[in-house]
Amino acid sequence: MGLFDKLTGTKRPADGVSPRSAAEVHGALLGLNRDDVPYVVRDGREEGADLVAEWRILDPAWQTFFVRTQVRRVFQVRMRLVPEKNEVRCLDQQYEVTWDGDTPRLAIAVEAQRGQVQTVSKRWTLGGGGGGGLEATDTFSFDSSDLKSPLQDTVLGAGWTWRGVITGKL
């Protein structure tokens, strides 16, 4: 892996993994959708992509979770399948979340980020520790890799390259 690959988050499949067809990769990515995960993989034509993976912050079934946690930033991963190269090109778009009561509003973040976006939100609660002092307890953790890792694992497992985009088109 070269320096540019590291900067873009490009990952290559293990040696000896035979590449599957574009239709199989597309189907496998859509197959990540389950009711028990806080993200969805959907058609991305409106965004100029083949597929988009994003947090379910606007989904009524997940809204209670996101309201309770008051996440401030979320992101989506736009993906384009390039069959002739056996690669999935990906572009991350980060959003600011503002809360109006229990209703989230999304707005594109002021700073633009392309390629790899790593967002980690944590919340601690301070309380009395066993030794009489203060103790911080991790009460909430939200990591963008919870969305991105299953996508990457699926692509790499299908024998394709995961290529982060920094410049140019998706």
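This is a conversation about how a few terms apply to residues in a predicted model.

Student: What should I know before we start?

Tutor: This is a predicted model, where local features need pLDDT of at least 70, side-chain atom pairs count only at pLDDT 80 or more, and totals for chains, interfaces and linings use all residues. Residues are numbered from 1 along each chain as its sequence is written, and side-chain values use heavy atoms, with hydrogens and water left out.

Student: Why is Leu29 called buried?

Tutor: Buried means under 20% relative accessible area, exposed means over 50%, and partly exposed is in between (1.4 Å probe, protein chains only). Leu29 has 0% relative accessibility, so Leu29 counts as buried.

Student: Where does Leu29 lie, and which residues does Leu29 touch?

Tutor: Leu29 lies in helix α2; helices (H or I, at least four residues) and strands (E, at least two) are DSSP runs, numbered from the N terminus. Leaving out residues up to four places away in sequence, Leu29 touches Val41, Leu51, Met79, Leu151, Thr154 and Val155, where contact means heavy atoms within 4.5 Å. The C-alpha atoms of Leu29 and Pro150 are separated by 8.7 Å, with the two residues 121 apart along the chain.

Student: What makes Arg42 and Glu47 a salt bridge?

Tutor: The term asks for a side-chain nitrogen of Lys or Arg within 4 Å of a carboxyl oxygen of Asp or Glu. For Arg42 and Glu47 the N to O distance is 2.6 Å, so the pair passes. As background, side chains of opposite charge can pair when their charged atoms come close.

Student: How do you know that Arg42 is partly exposed?

Tutor: Arg42 has a relative accessible area of 25%, so Arg42 is partly exposed. Glu47, with 24%, is partly exposed by the rule too.

Student: Which other residue forms a salt bridge with Arg42?

Tutor: Glu54 does, with the closest N and O atoms 2.8 Å apart. This pair links distant parts of the chain: Arg42 is in strand β1 (residues 39-43) and Glu54 in strand β2 (residues 51-55), twelve residues apart.

Student: What makes Glu87 and Arg163 a salt bridge, and what does the pair link?

Tutor: The closest N and O atoms of Glu87 and Arg163 are 2.8 Å apart, so they fall within the cut-off. Here, too, distant parts of the chain are linked: Glu87 is in strand β4 (residues 87-100) and Arg163 in strand β8, 76 residues apart. Glu87 counts as buried because its relative accessibility is 5%, whereas Arg163, at 22%, is partly exposed.

Student: Which residues are joined into one network, and how many salt bridges are there?

Tutor: Salt bridges that share partners join Arg42, Glu47 and Glu54 into one network. The count of salt bridges comes to seven.

Student: Why is Thr10 called buried?

Tutor: Thr10 has a relative accessible area of 1%, so Thr10 is buried. Thr10 is found in the loop between α1 (3-8) and α2 (22-30).

Student: How do you know that Asn86 is partly exposed?

Tutor: Asn86 has a relative accessible area of 25%, and that value makes Asn86 partly exposed. Asn86 lies in the loop between β3 (73-82) and β4, and has a positive phi of about 50 degrees although it is not a glycine.
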